[in-house]
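I would ask you to keep the sequence and the structure in view while I go through several sites in turn.

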Amino acid sequence: MTIRGRGKSVPLSPQAIEMTKLQSDLFLPLRKAKVVWLDRAALQKDFPQLRSDALALRFPALCKLNPSDRIRRECRITANWVLRRSAWISLSQSTPNQVNTPPPVNRKQYVEGWRPPRYGRAALFETRAGRSVWPCNEASLWEGEEAGWLDIKGVGVCPGQKPQRDVHGDGLFPLFQVFRELLYQRLLARIFSLSGLPIGILPAYAAIDTGFQCWDRRIGTLTMPAGLLVRRAHRRYAAELPQRYSRRQRIQVEIEMTLRQFGVTSASPSSRLTRSRPSEQVSVRVGSLTVPACSQEHVTAFCTATGIDTEGMDVINLQSVADPPQGMDAMLVDFGQFYVVDKFHRPLVSLVIDRPFGWGGVIRPNDPCFVQPDPRLVLDPRYWGRTPLPDDESRTFGFPKDTELLGPERVGLRLAAALRSGAASLPDVCRAIDRYVRSGTHHLTRLLPQSANGSIR
């Protein structure tokens, strides 16, 4: 492992957006939304107008406050800045459907957002796009601010689509899953930081409670608070999968191998490569998607040669930005697929774009390169593993008895419920998430002294 410093990280600029590749969409402002988690440091790094000295120029009364009151006031100003630029729901999602309760919106006002290719439930918004729906006094306070972009996940389905009761078709992001994503995001950031690896995590700026409810596939009823995740705007790769033997493929494999030392994997059960036999036809599937094939003979020969069976093989599922900051080998985005186990049993496959069936290679459990969790590093399953939900919480949240959830999902459910009941506030949620990550990784601090540099080679 060679040593290399980390580079400066910058947000996407309006000039960097390739507008010809984006689909325009209309969004309505949510009237009852509120910010429930905030990363001021990330926002201040990417948006200079939110730094303390810049805020004092726009809000002179801040200078008269004592330090603690000033910090609280700056937090409220920053949260309101995010809310005015992020609390949107698509016009298509706002119509009556089976996946959410009617969102509280103002149908006389709307803003324009942009959908990059393969953006199912997310969209890009220019930070000044909503000025037309702001109160006049707020618009004047932010006059002349520098333009920027926000990526918001959970804003509803695309134009011409109808929300469906499907994980990839409902257009929404349950608030408890927003918190799960934040917890795994921070877990991976801590692992990479302590390990000294130049792997970045796309900054998340804020979490928003939309003020309406949505469905969950394990419950079926419209009882889950819906949320939004506000992130740094970024570009994805044109192709979802890397080319075989490319640097991108190699880095993906090495990141997965590094995480597996801690018991963490991106190879979720929902994306396994399996052989199925509906009726008399054999097919190869990744999750719920059938891999295209020329003929039954090709499928049968491929399964025989690779050993794919109905038990399936794990598939690396790492998403990253197309242009990581200088000094970083990769910057990861999307963390809903990660989970933690104490042992790996299935072969691990790397999918590529330029090979039949996407086959980019396999590492089998008996291979010397196959990584099992290091007993010294493996994460505590009480925090990060999958365990049955207690009976009282199953009844409270409406899950079937003995439903198994990951630790971050359980935390997310409790935080979302506490927010809706008024028992928790934004500062409470920020403290709870930070405390959970610290407690769940405390053993790593003494085992992996933090390194400022490092590189996967």
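In which strand is Leu 150 found? Leu 150 is found in strand β6, which covers residues 149-153. Before I continue, please note that this is a predicted model, in which local features need pLDDT of at least 70, side-chain atom pairs count only at pLDDT 80 or more, and totals for chains, interfaces and linings use all residues. Residues are numbered from 1 along each chain as its sequence is written, and side-chain values use heavy atoms, with hydrogens and water left out.

As for the terms, helices (H or I, at least four residues) and strands (E, at least two) are DSSP runs, numbered from the N terminus. Buried means under 20% relative accessible area, exposed means over 50%, and partly exposed lies in between, with a 1.4 Å probe and protein chains only. The accessible areas come from the Shrake-Rupley method with that 1.4 Å probe, and for residues only the protein chains shown count as cover.

Let us stay with Leu 150. Leu 150 counts as buried because its relative accessibility is 0%. Contact here means heavy atoms within 4.5 Å. Leaving aside residues up to four places away in sequence, Leu 150 touches a set of residues that includes Phe 47, Arg 85, Leu 124, Tyr 205 and Val 230. Leu 150 and Gly 113 are 37 residues apart in sequence, and their C-alpha atoms are 10.0 Å apart in space.

I turn now to the salt bridges. A salt bridge is a side-chain nitrogen of Lys or Arg within 4 Å of a carboxyl oxygen of Asp or Glu. How many does a search of the whole structure find? The search finds 28 salt bridges.

One of them joins the side chains of Asp 151 and Arg 231, at 2.8 Å from N to O. This pair links distant parts of the chain, since Asp 151 is in strand β6 and Arg 231 is in strand β10 (residues 224-232), 80 residues apart. Both Asp 151 and Arg 231 are buried.

Another salt bridge is formed by Lys 153 with Glu 181, where the closest N and O atoms are 3.3 Å apart. Lys 153 lies in strand β6 and Glu 181 in helix α6, so this pair ties together parts that are 28 residues apart in sequence. Lys 153 is buried, as is Glu 181. Both pairs belong to a network of salt bridges that links Asp 151, Lys 153, Glu 181, Arg 231, Arg 236 and Asp 334.

A further salt bridge is that of Glu 126 and Arg 128, whose side chains meet at 3.6 Å, N to O. Are these two partners buried or partly exposed? Glu 126 counts as buried because its relative accessible area is 17%, while Arg 128 counts as partly exposed because its value is 38%.

Helix α6 (residues 175-195) also holds Gln 185. With a relative accessible area of 6%, Gln 185 is buried. Not counting residues up to four places away in sequence, Gln 185 touches Ile 201, Leu 202, Pro 203, Ala 204 and Phe 335.

Next, the surface patches. Patches are made of residues with over 30% relative accessible area and no salt bridge, where like charges are joined within 9 Å and nonpolar side chains (Val, Leu, Ile, Met, Phe, Trp, Tyr) within 5 Å. Lys and Arg count as positive and Asp and Glu as negative, while His and the chain ends are not counted. The place of a charge is taken as NZ of Lys, CZ of Arg, CG of Asp or CD of Glu.

A nonpolar patch of about 280 Å² is made by Leu 26, Leu 91 and Tyr 110. Leu 26 lies in strand β1 (residues 23-29) and is partly exposed, at 34%. A negative patch is formed by Asp 391, Asp 392, Asp 402 and Glu 404. Glu 404 has its place in strand β21 (residues 404-406) and is partly exposed, at 40% relative accessibility.

Asp 402 is found in the loop between α10 (391-397) and β21, and Asp 402 counts as exposed because its relative accessibility is 52%. Its phi is near 70 degrees, a positive value in a residue other than glycine. Most residues other than glycine have a negative phi. Arg 118, in the loop between β4 (111-115) and β5 (122-126), also has a positive phi near 70 degrees.

Thank you for your attention.
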